[in-house]
Amino acid sequence: MTRTGFVHQALCYGADEEFLEGTLGYVREGLEAGDALLAVVAGDNIDLLRDALGGAAREVEFIDCLDWYHYPSRTLGQYHAYCTTREQGGARRVRVIGEPVWTGRTTLEVQEWMRYESLLNVAFAESGHWILCPYDTRALPEEVITTARRTHPELAVGDDALLRNDRYAAPADFYAECDEAERELPGSAGREAVEVPFERGRTAVARAAAAEFARGRSLAEGRVQDLVVAVHETVVNAIRFGGGHGVLRLWSEPEYLVCEIADGGCGRLPHVPAFPGHLPPAPRTASGHGLWVVRQLSDLMTERLGPDGSVVRLYFRC
């Protein structure tokens, strides 16, 4: 099947045979066209594909999804870097079979992985790449399967067939839904939080407090440094756009250390991109790198940005 432009499909399968039916033709067509092939799938599915492809499997790069799908923003960054490298190497198109890991996730993590699937439609919109996302209906919750139909413009069916997806939600609308769902998650209220006020010219106190907090909870030193840089970048933004001062709150959750940076706003907010920090900035762009870097350093990040005050939360797995 000859296609141009970016293609993003969900493949919902309930048996090994259905997985192969939905992926083999896709891979073989890509190999015949000279596309770069990357399969980031579960270990059992790697074995299935390798056996079915025979000698042609040597032309496909296989990665276990457990080694790739750690955190949404970093995974998007990995795919972006991979595709850029293959483009520079002369690949006509990159075809990806990408099977996210859904089991063992917290509520917030599941929400952010759903958001990630929707954001792929924006991040690669101007590319000619093709991403096929398998969903195992035998193992995944119904909520995940239902949402897959809202984050993929097409559903892959069978060997060569596809269906336009009338349940697909525009990324901006889906993003707003994710934000609304996350407003219901608990904040620092009722928790034992460390509060550190900061202001213009006094950002070092926030960095020092963040480092002390992280080390006191045995975060690995490399991740302590990542946390400090992410906190600093977010504090600088709060000072610049939030009236010159704010407060850093630090607390522990069972899975994460949380750094919340809040400001009172200044009555106006400069132009904020539709998906702040989620999309890789163009290399020569003068602005837009800060929040992207913060998301790459953090395991998860949520934000509520407004003229009357903003709240950004950075999550680092303990």
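Modeller: Helices (H or I, at least four residues) and strands (E, at least two) are DSSP runs, numbered from the N terminus. This is a predicted model, in which local features need pLDDT of at least 70, side-chain atom pairs count only at pLDDT 80 or more, and totals for chains, interfaces and linings use all residues. Residues are numbered from 1 along each chain as its sequence is written, and side-chain values use heavy atoms, leaving out hydrogens and water.

Biologist: Thanks! Which loop holds serine 218?

Modeller: Serine 218 has a relative accessible area of 66%, so it is exposed (over 50%; buried is under 20%, partly exposed in between, with a 1.4 Å probe and protein chains only). Its phi is positive, about 65 degrees, although serine 218 is not a glycine. Most residues other than glycine have a negative phi. The loop that holds serine 218 lies between α7 (204-216) and α8 (221-241).

Biologist: Let's step back to the whole protein. What is its radius of gyration?

Modeller: The chain forms 9 helices and 12 strands. For 318 residues the globule rule gives 20 Å, and the protein comes close to that, so it is as compact as a globular protein of that length. The rule is 2.2 Å times the number of residues to the power 0.38, with the radius taken over C-alpha atoms. For this protein, the radius of gyration is 21 Å.

Biologist: What share of the contacts with a separation of 6 or more joins residues 24 or more positions apart?

Modeller: Contact means heavy atoms within 4.5 Å. Among the protein's contacts with a separation of 6 or more, the share from residues 24 or more positions apart is 71%.

Biologist: Is serine 118 buried or exposed?

Modeller: Serine 118 sits in helix α4. Beyond four places in sequence, this serine touches Thr151, Pro171 and Phe174. Its relative accessible area is 2%, so serine 118 is buried.

Biologist: Which residues does cysteine 178 touch, not counting those up to four places away in sequence?

Modeller: Cysteine 178 belongs to helix α6. It counts as buried because its relative accessibility is 0%. Leaving out those sequence neighbours, cysteine 178 touches Gln111 and Arg115.

Biologist: Last one: which strand holds phenylalanine 316?

Modeller: Phenylalanine 316 has 0% relative accessibility, so it counts as buried. Apart from neighbours within four places in sequence, its contacts include Leu219, Arg223, Tyr256 and Leu297. Its C-alpha atom is separated by 15 Å from that of arginine 207, 109 residues apart along the chain. The strand that holds phenylalanine 316 is β12 (residues 310-317).
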